[in-house]
Amino acid sequence: MTQFRLKSVVTAAAIAGALAFSAGAYAQNIKIAVVGPTTGPVTQYGDMVKEGVETAIEQINAGGGVLGKQLEAVYIDDACEPKQGPVAANRVVNDKIGYVVGGVCSGATIAAAPIYDEEGVVMVTPSATSPALTDGKDYQFIFRTIGRDDQQGPAAAKFIIEKVKPSKVAVLHDKASYGQGIASAVRDNLQAAKVPVAIFEGINAGDTDYSAVITKLKSEGIDFVYFGGYHPEMGLLLRQAKEQGVTAKFMGPEGVGNPDINAIAGDAVEGMLVTLPADFTQNPDNAKIVQAFKDKKRNPGGAFQMTAYAATLAIAEGIKGAGANEPEKVAQFLKGAKLPSPVGELSWNKAGDLNSFKFDVFNWHKDGSKTAAQ
């Protein structure tokens, strides 16, 4: 097991808080805060995480819970807004909750992570993929159950280079931590392979008219567009590009893989390429978990349901492995653990990132389905 050490910046108050956990702060259920968007334009991602957490908690509790106690989810809204990340984190701390599944969006998660780490709260994000979350931070309480953009970006670029073989590429992004980060990773990998990137620029998230950038795509003769960001902007780009007669192929990361994009883009969404976590529902070992989702009329095949299930499982197994409901000991256990999960083996490097994670490329269809891209 990796030797565990508290960062020197942990305050006396934080240590006292950790001692409070061990002194029996949780006399009843073990609470897990589920932090993500329950308001705002990307609430669907929060819903995906909620479905994964609830399914995991139901199954864990039905099996006897953890150390004789039941798990309980507490939902806290950060609207996926960076300025709300610390507000949500402080609520977790003030409510003396020792574990978090979340945040969901990278910007809000990056803003909240220092508070969780300094206050000794174990945070496991199932969906925040930005490398900036963990790079150079030396966090001890921060973990992921999803890969990073510098794993997802190369997977996208590899497909573009080997399968699409475009002649002229535009790489767009939403100017945010997640979108710009993954767009930069794709651009860098394409350029390293000598694929021409004629345009690399940001658009303003929340705008309703992207005609200027679409006109630029048309005038530059772009035949492939990669967009780093979320589904509301991608949906508008697709629809408005089709309206202007742009025939370029579009691709995006898991942030665009949301069923609501179909209502925004209409028929223009057909054939959009998207990188997503591998379809873990197809693994026979996950059959019982998939059925548990379906029994509750939940979708196990979205971008974050299985990674959220895995995040919840990691916390539960961490408490069991530590033999105590003490976040400090749980974090220590996880740093050296190798845990089976529906998304594959969970093991973390020193930074709290997964040692391996699989992203695949899918074709998105106007009926809301997706198929593996060839």
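This is a predicted model: local features need pLDDT of at least 70, side-chain atom pairs count only at pLDDT 80 or more; totals for chains, interfaces and linings use all residues.
Local features need pLDDT of at least 70 and side-chain atom pairs count only at pLDDT 80 or more, while totals for chains, interfaces and linings use all residues. Residues are numbered from 1 along each chain as its sequence is written, and side-chain values use heavy atoms, with hydrogens and water left out.

**View 1. Domain 1 meets domain 2.** Let us start with the domains. The assignment gives domain 1 (30-148 + 281-358) and domain 2 (150-276 + 360-372), with bounds taken from an automatic or database domain assignment. Their C-alpha centres lie 28 Å apart. Domain 1 brings 22 residues to the contact and domain 2 brings 18, where contact means heavy atoms within 4.5 Å.

**View 2. The largest pocket draws on domain 1 and domain 2.** Each of these domains gives at least three residues to the lining. The pocket holds about 370 Å³ of space. Of its 17 lining residues, Cys80, Glu81, Asp174, Ala176 and Tyr230 lie nearest the centre. Helix 4 (106-119), helix 6 (177-192) and helix 8 (231-243) each supply at least two lining residues. (On a 1 Å grid over the protein atoms alone, a pocket is an open set of points with protein on both sides within 12 Å along at least five of seven lines, and lining residues have an atom within 4 Å of a point; a volume is the space filled by probe spheres set on the points, which are joined across faces, edges and corners.)

**View 3. The largest cavity is lined by 15 residues.** Pro277, Ala278, Asp279, Gly301 and Gly302 lie nearest its centre, and about 90 Å³ of space lies inside. A cavity is a set of grid points where a 1.4 Å probe fits but cannot get out; the whole structure has 4 of 30 Å³ or more. Strand 10 (272-277) and helix 11 each supply at least two residues of the lining, and helix 11 gives the most, with 3. (Helices, H or I of at least four residues, and strands, E of at least two, are DSSP runs numbered from the N terminus.)

**View 4. Helix 11 crosses helix 12.** The axes of helix 11 (residues 305-322) and helix 12 (residues 327-335) come within 8 Å and cross at roughly 100°, so helix 11 is roughly perpendicular to helix 12 (65 to 115 degrees). Axes are lines fitted to C-alpha atoms over the stretch in contact, and angles run from 0 to 180 degrees between N-to-C directions. Residues in contact include Ala314, Ile315 and Ile319 of helix 11 and Val330, Phe333 and Leu334 of helix 12.

How values were computed:
Angles under 35 degrees count as roughly parallel, over 145 as roughly antiparallel, 65 to 115 as roughly perpendicular and the rest as oblique.
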